[in-house]
Amino acid sequence: MQAPPIRKDGLQLEEKRKFHRFFWAVERGAWAVFALFLLLALAGLTGSGGYFSRITAALPTGKADYPRVARWEASDEMRASFAGGADTHRLILDPVLFEYFEIQGIQPEPERMVTGPDGVAMEFEAEEQAPVEVILYLRALHAGFPEYRITLDGAQVEASTLILP
């Protein structure tokens, strides 16, 4: 067996400089990828929570707040805020929404639910034409990118949600 050569700094080590430089480059690349995933998660682009995970659409008849990014099998919520001025408010959800999400609960409970060609219509009564806020508790059934309509008292918004596995 041959002894390793003595370096300029006096150490007698056998080193594979080319391999170490390649390993350090791969290690730094992995750190950059993990930092990117961390930033995406903090921004809310990997699931619920974070600035970009939700979107609010302002309509003439109210606001619809829904998840922009959701996780499969995870709980999430959709909010519909109706402006005042009517005794009854009507929320219509596209049938595509029900292919991708299970509604686990609705707060407050609708007075009436009707299924039609545009989807499921829910009616909520308001006392003295007060504004009403409805919360739908959702759970994504499978991954995908559903595009659906939300209708608040006749005003529609085209919505989409990225459901990650």
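**Figure 1. Leu 91 and its surroundings in the predicted model.** Leu 91 touches Ala 80, Phe 82, Val 120, Ala 121, Met 122, Phe 124, Leu 136, Ile 150, Thr 151 and Leu 152, with residues up to four places away in sequence left out; contact here means heavy atoms within 4.5 Å. This is a predicted model, in which local features need pLDDT of at least 70 and side-chain atom pairs count only at pLDDT 80 or more, while totals for chains, interfaces and linings use all residues. Residues are numbered from 1 along each chain as its sequence is written, and side-chain values use heavy atoms, with hydrogens and water left out.

Figure 2. Buried means under 20% relative accessible area, exposed over 50%, and partly exposed in between, using a 1.4 Å probe and protein chains only. Strands (E, at least two residues) and helices (H or I, at least four) are DSSP runs, numbered from the N terminus.

**Figure 3. The open sheet E7-E8-E5-E10-E11.** Five strands line up in this order, with antiparallel pairing. Strand E7 (112–116) and strand E11 (155–160) stand at the edges with a single partner strand each, so one side of each has no neighbour in the sheet. From one strand to the next, the twist averages 20 degrees; axes are lines fitted to C-alpha atoms, for helices over the stretch in contact, and angles run from 0 to 180 degrees between N-to-C directions. Two strands pair if DSSP finds at least two bridges between them.

**Figure 4. Strand E8 and its partners E5 and E7.** Strand E5 (residues 88–93) and strand E8 (residues 119–125) run antiparallel and are joined by six bridges. Within E8, Met 122 is the residue that stands opposite Leu 91. E7 and E8 also pair in the antiparallel sense, over five bridges, and a hairpin of two residues joins E7 to E8. Arg 112 has Glu 123 in E8 as its bridge partner.

**Figure 5. The open sheet E1-E2-E4-E9-E6.** This sheet has five strands in the order given, again with antiparallel pairing. E1 and strand E6 (101–107) are at the edges, each with a single partner strand, so one side of each is left without a neighbour in the sheet. The twist averages 20 degrees from one strand to the next. E6 pairs with E9 in the antiparallel sense over six bridges, and the bridge partner of Glu 102 in E9 is Arg 139.

**Figure 6. Asp 65 in strand E2.** Asp 65 lies in strand E2 (residues 62–67) and is buried, with a relative accessible area of 16%. Its side chain makes a polar contact with the side chain of Thr 56 at 2.7 Å. A polar contact is a pair of N or O atoms within 3.5 Å; within protein, one must be able to donate a hydrogen and the other to accept it, and residues adjacent in sequence count only if both atoms are side-chain atoms. Setting aside neighbours within four places in sequence, Asp 65 is in contact with Arg 54, Ile 55, Thr 56, Glu 77, Met 78 and Arg 79.

Figure 7. Asp 76 forms one with Arg 54, the closest N and O atoms being 3.0 Å apart. Asp 76 is in strand E4 (residues 75–82) and Arg 54 in strand E1 (residues 54–59), so the pair ties together parts that are 22 residues apart in sequence. Asp 76 counts as buried at 13% relative accessibility, whereas Arg 54 counts as partly exposed at 25%. Arg 79 forms a salt bridge with Glu 77, with closest N and O atoms 2.8 Å apart; Arg 79 is partly exposed at 28%, and Glu 77 is partly exposed at 22%.

**Figure 8. The Asp 94 and Arg 149 pair.** The side chains of Asp 94 and Arg 149 meet in a salt bridge (3.3 Å, N to O). Asp 94 sits in the loop between E5 and helix H2 (95–100) and Arg 149 in strand E10 (residues 147–152), so this pair links distant parts of the chain, 55 residues apart.

Conventions. Salt bridge = Lys/Arg side-chain N within 4 Å of Asp/Glu carboxyl O.
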